[in-house]
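Thank you for coming to the group meeting. Please have a look at the structure first, and then I will go through it one part at a time.

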Amino acid sequence: MGRRVAVVGVGMTENKSHWDCSMPALYRLAVTRALADCGLTHKDIQAVSFGQSPEYFEGINHPEKWLAEACGGYLKPVFRIHTGGTVGGSAAIGGYYLVASGMFDVVLAVSGNKLNETASAQIGLGTVYDPIIGRQFNTGAPSAVALQSLRYMSKYGYNEDYGIRAAVQNRQNAMNNPYAQLKIPGYNFEMAKSTPMLCYPLRLADMCPTSDAACAMIFVAEDRVRKITDRPAWVRGTAATAAGVYYADRDWAVPIELRKAAEIAYKQAGIKDPLKELDVVELYNAFSWQELVWYEGIGLCDWGEGGKLFDKGITAMTGSLPSNPSGGTLCANSIGAAAMFRKAEAALQVMGKAGARQVQGAKLSLGHGWGGAIQFHTIMVFGSEK
Amino acid sequence: MGVNKMTEIIKSVKRTNYVPYRWVYGRDLSRFFLETKNNQKLYGVRCTKCQKVLVPPAEVCGVCFAPTYKEWIPVSDHGVLNTYTVVNLSFPGQPTNPPYAYGLVHLDGTDNLFSHMIGEVEFDKIKPNMRVQAVWNPDPKGDLFDIKYFKPEE
């Protein structure tokens with residue numbers, strides 16, 4: 001695993017339409033907030049792990065050349081990482097790797113997007129499909145996840161209401177998150193179920209909003225941590241997995257890629273029973289059904305049991321393992337920052353700095369990232385103790 | 001006179017990127033689409049290691065990282081609809097106007113899923129795991145729409 005590493009600072013921008021804020025200003029805002037969070041300055045940063053999603057979203061190719069300085073990267077190593085929806089997770093993991101390897105002691109990871117600068121994010125998302133086989137009839141991300149969601153429903157016999165209920169739980173959680181975009185007072189099941197069917201079985205309520213946002217995290221080597229903060233989030237486990245789209249025996253309801261990532265991260269963290277040992281999880285639930293599918297992916301329950309786990313209330317804020325106290329990706333999705341928000345939220349929880357969305361006494365947390373069609377996953381496990 | 005008072009802002013500038021491309025089929029997709037165009041037949045390839053049959057053909061089995069080139073296997077144009085969606089959502093640049101249905105078809109004799117349109121059926125009559133068959137295009141061009149869509153099996 002390399003050297004021990006902790007997150008000492010986290011910086012988030014609000015998820016919304018940032019019409020008064022350019023892309024460089026948005027990145028700088030996240031970075032300055034992360035620096036302020038731990039009392040460092042840009043001079044302390046030795047390298048930058050930079051993330052942003054497909055160039056199609058803002059139509060600006062090679063964004064790191066434009067944004068390196070806005071991240072405090074002047075005359076420093078700036079490495080761009082790009083893995084679609086997982087990019088924020090990959091950029092965080094890249095920052096962690098740079099410190100764990102011993103090459104750098106203080107590394108900034110930052111990732112974001114401004115999805116409101118395109119006529120439709122789905123135009124860009126449509127281009128991620130195979131140009132010869134598959135792009136002909138997709139509808140960006142919703143149609144792919146509709147296939148995944150219906151496969152999950154039909155395979156295990158869940159009705160449409162499970163997705164709606166998962167969406168409502170996240171939207172209610174988001175009321176406690178000052179950085180979330182979708183905050184609808186009094187949001188309830190009836191309101192969600194009355195929204196239009198956009199990509200069967202997905203209604204508008206089953207889908208994430210379109211956000212502009214950036215998120216930043218500062219990773220520091222063990223011997224520097226205590227001088228900076230007495231509330232670090234120690235990186236206890238890290239994993240990233242990939243797979244293809246058309247491989248043999250692939251079942252869209254069974255994300256074996258995520259299970260693999262979870263097994264790797266749990267082994268590093270010494271976790272044997274994640275449902276009992278984890279105190280809070282942040283899952284990349286861009287669509288409602290993914291909340292349940294990812295429960296299974298990270299091994300909280302067996303395949304097909306995600307809905308039943310949800311029924312028990314374990315993952316509600318009042319349960320023993322709250323999922324997405326922030327409201328998750330369902331309530332804020334810039335894509336570029338979304339997977340880093342999951343990691344940063346998980347880190348804030350074990351730092352005890354999650355404000356109104358804090359899970360009291362959280363000592364062990366998990367942040368997830370999803371990308372590609374369903375095949376890219378990242379996981380970081382954080383602990384309040386080494 | 002000094003700096004403008006910030007009582008108004010110039011909000012944004014609108015531009016468009018337009019970039020034409022030409023995507024290469026490669027050996028296997030070329031042969032696959034020659035067969036759909038000239039003979040209305042579907043072919044897959046078999047992994048030289050795990051023996052799984054892949055349609056559309058891929059030059060490498062992603063799971064085994066093994067070549068597939070030794071066998072070129074005729075497969076059925078009938079199969080099982082694994083999952084589907086009815087798209088009501090429109091967005092600029094969408095190649096087909098909604099509403100339309102498409103899904104993942106597990107063709108008989110193959111081990112992976114083939115995505116295509118679903119037609120000749122009312123949307124609420126489409127069910128997961130129903131049997132479907134290809135409807136061939138009378139005017140084939142050597143691309144995915146050499147099959148017009150899949151319809152419920154007769």
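**The sheet of chain A**

Let me start with two strands of chain A, β4 (residues 106-114) and β7 (residues 212-221), which pair in the antiparallel sense over nine bridges. Strands here are DSSP runs of E with at least two residues, helices are runs of H or I with at least four residues, and both are numbered from the N terminus; two strands pair if DSSP finds at least two bridges between them. As one example from this pair, Val110(A) has Ala216(A) in β7(A) as its bridge partner.

Before I go further, this is a predicted model, in which local features need pLDDT of at least 70 and side-chain atom pairs count only at pLDDT 80 or more, while totals for chains, interfaces and linings use all residues. Residues are numbered from 1 along each chain as its sequence is written, and chains are lettered from A and ligands numbered from 1 in the order in which they are written.

The two strands belong to an open sheet of nine strands with mixed pairing, and the order in chain A is β3-β2-β4-β7-β1-β8-β11-β10-β9. At its edges are β3 (78-81) and β9 (280-282) of chain A, each of which pairs on one side only. On average, neighbouring strands of the sheet are turned by 25° against each other, with direction ignored.

Helix α3 (residues 87-100) of chain A packs on this sheet, where the strands it touches include β1 (5-12) and β2 (47-52) of chain A, and its direction makes about 170° with that of β4(A). Helix α9 (residues 256-269) of chain A also packs on the sheet, touching β8 and β11 of chain A, at about 150° to the direction of β8(A). For such values, axes are lines fitted to C-alpha atoms, for helices over the stretch in contact, and angles run from 0 to 180 degrees between N-to-C directions.

How do α3(A) and α13 (residues 338-351) of chain A lie, and at what angle do they cross? Their axes come within 5 Å and cross at roughly 55°, and α3(A) and α13(A) are therefore oblique to each other; oblique is what remains once angles under 35 degrees count as roughly parallel, over 145 as roughly antiparallel, and 65 to 115 as roughly perpendicular. Among the residues that meet are Val87(A) and Ala91(A) in α3(A), and Met340(A) and Phe341(A) in α13(A), where contact means that C-beta atoms, placed from the backbone, lie within 7 Å.

**The two chains**

In total, chain A has 13 helices and 11 strands. Its radius of gyration, taken over C-alpha atoms, is 19 Å, close to the 21 Å that the globule rule (2.2 Å times the number of residues to the power 0.38) gives for 386 residues, so chain A is as compact as a globular protein of that length.

The C-alpha atoms of chain B fill a box of roughly 80 × 40 × 30 Å along the principal axes.

Finally, where the chains meet, the contact takes 39 residues from chain B and 33 residues from chain A. On the side of chain B that touches chain A, β6 (78-87), β7 (100-107) and β8 (114-118) of chain B each supply at least two residues, and β6(B) gives the most, with six residues.

Key. Contact = placed C-beta atoms within 7 Å.
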